[in-house]
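Here is a short tour to take alongside the viewer. Please keep the sequence and the structure open as you read.

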Amino acid sequence: MSYLTKSPWVIHYDASSCNGCDIEVLAALCPGYDVERFGIINTGNPKHADIFLVTGSVNEQNIHVIKEIYDQMIEPKVVVACGVCACSAGIFHDCYNVIGGVDQAIPVDVYAPGCAVRPEAIIDAVVQGLGVLDEKAKALKAQKKGA
Amino acid sequence: MDILLIIIGTLAFAVAAPILGCLLSGIDRIISARMQGRVGPPLLQPYYDVRKLLEKDRVSVNASEGIYITCALLFTLLAGGIFFSGGSLLMSVFIITLAALFFVIAAYSTRSPYAEIGANREIIQVLAYEPMVLLVAVGFFMAIGSFDVSAVLSAETPAIVKAGLVFAGFMFVLTIKLRKSPFDLSYSHHAHQELVKGITTEMSGSTLAKVEIMHWCENVLFLGWVGMFFVWANPLSWIIAIAVVLFVWFLEILIDNNFARVKWQAMLKWSWIITFFAGGINIMILAYL
Ligand code: SF4
């Protein structure tokens, strides 16, 4: 088991969310849910983060920002789309400026639906993301050994 | 002979301090969580964090950053080795400051605006605590009669008796040295009050792991400075010193959880005022009475 699964640091980016999902993401860090039990820490720095939580849909304004944050994150990394908007653009899907879900900009590993997404769903998604993170860590190790 | 002692001390410190510092940091996080009504992470969480950072891919904005951080870590170990092998307190103070400067240079070398703000603030922090730390060394010399830390073992009274006010002043700047709120201006462990990630913004993977380990060792060293005030010839005094150290650590966690970050102006002003009065008066009394 990789240590990555024991200390996943998350970064949260609000794409064009209505703020409903953002509040839920931050609620997961509050005493009621206390995700620090699993070693999860909220960080503001993409270079320190292992899991990228995106809320809201991708639009022409923020697609560059999402890509930039994703590129700055260091492998192995995992992306979790939080809320229906981030999964598929949700109720905003036919707005003139909206491109779609987060997977239109960067590869998404776990989808957490819900409007707004419940903190329980976010925690479940992150735990699922840990499995992906573990696999990616192993792949990276194997790649390093091969090189 | 002295050199040999320092080398052995440094090696021993390099092994013991990270373990001790890691446990202290784990306790810190659990107690902080309990103060906020949370369960908190496992005790070994800081260890997991560092192991994880070592597993991450190696990415650096330049080649020199990692070297500066390695230097900072090595000088921290040396400062700890000198102190705990009973060497000169003054030397320990200077070398730990050198480590702080390497840390600052590493941040400047990245040319990132956020890391630069962090580095600027770190320098202001050094400016704020350094006078008091030097007065600690002077006060210690006047109370014990030597800069050598080993002299406490044959002292008739602990340093705290004659240098009580110096100790009080040191307690104030200790919050800056341990990077705790309200004085965690350059590098906070709490994301919500940080500009990206302050001085460590551009550091990642194994470089950040080194910063964490350095931070653990620093904490052990500074708590050692606290304990030094309470040790004298009586072997039982060690128990008192350890009790005081643990109490101070708890106090720092309490302060950390109860204060929001202040502006740097306030930090600089208050630490110099307290240095001037607490440190200055104490040393004047020792010098003229
Ligand atoms: S999924 Fe619902 S709550 Fe979340 S950002 Fe979209 S509209 Fe808002």
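Two strands count as paired if DSSP finds at least two bridges between them. By that rule E5(A) and E7(A) pair, joined in the parallel sense over three bridges. Please bear in mind that this is a predicted model.

- Chain A holds an open sheet of five strands, paired in parallel and ordered E2-E1-E3-E5-E7.
- Strand E2 (41–42) and strand E7 (110–112) of chain A are at the edges with a single partner strand each, so one side of each has no neighbour in the sheet.
- If you look for Val10(A), you will find it opposite Ile51(A) of E3(A).
- E3(A) is in turn joined by five bridges to strand E5 (residues 78–82) of chain A, and these two run parallel. Phe52(A) has Val79(A) of E5(A) as its bridge partner, while Thr55(A) has Cys82(A).

- How many residues of strand E3 (residues 51–55) of chain A are buried? The count is five of the five, so the strand is largely enclosed by the rest of the structure.
- The buried side chains of E3(A) go both ways: Ile51(A), Leu53(A) and Thr55(A) point to one side, and Phe52(A) and Val54(A) to the other.
- E5(A) is mostly covered too, with five of its five residues buried. Val78(A), Val80(A) and Cys82(A) point one way from this strand, and Val79(A) and Ala81(A) point the other way.

**Around the ligand**

- The ligand is surrounded by 13 residues, and the closest are Cys18(A), Gly20(A), Gly83(A), Cys85(A) and Cys115(A).
- Two helices of chain A, H1 (20–27) and H3 (84–88), each contribute at least two residues to this shell.
- Which classes make up the shell around the ligand? There are seven nonpolar and six polar residues, and no charged residues.

**Where the chains meet**

- The contact involves 20 residues of chain A and 25 residues of chain B.
- On the side of chain B that touches chain A, helix H2 (45–55) and helix H8 (205–228) of chain B each supply at least two residues. H2(B) gives the most, with six residues.
- By class, this side of chain B has ten charged, eight nonpolar and seven polar residues.

**Helix H10 of chain B**

- Helix H10 (residues 264–288) of chain B has 25 residues, which should span 36 Å at 1.5 Å a residue; the end C-alpha atoms are 35 Å apart, so the two values agree.
- Look for a kink of about 25° in H10(B), centred on Gly280(B).
- The buried residues of H10(B) are Met267(B), Ser271(B), Ile274(B), Thr275(B), Ala278(B), Gly279(B) and Asn282(B).
- What covers these buried residues of H10(B)? The cover includes helix H5 (113–144) and helix H7 (164–177) of chain B.

Notes
Residues numbered from 1 in each chain as written. Chains lettered and ligands numbered in written order. Predicted model: local features only at pLDDT ≥ 70, side-chain atom pairs only at ≥ 80, totals over all residues. Near = placed C-beta within 6 Å. Helix = DSSP H or I, 4+ residues; strand = E, 2+ residues; numbered from the N terminus. Nonpolar A, V, L, I, M, F, W, Y, C, P; charged D, E, K, R; others polar. Contact = placed C-beta atoms within 7 Å. Expected span 1.5 Å × (residues − 1). Bend = angle between axes of the 7 residues up to and from the residue. Buried ≥ 20, exposed ≤ 12 C-beta atoms within 10 Å, placed from the backbone.
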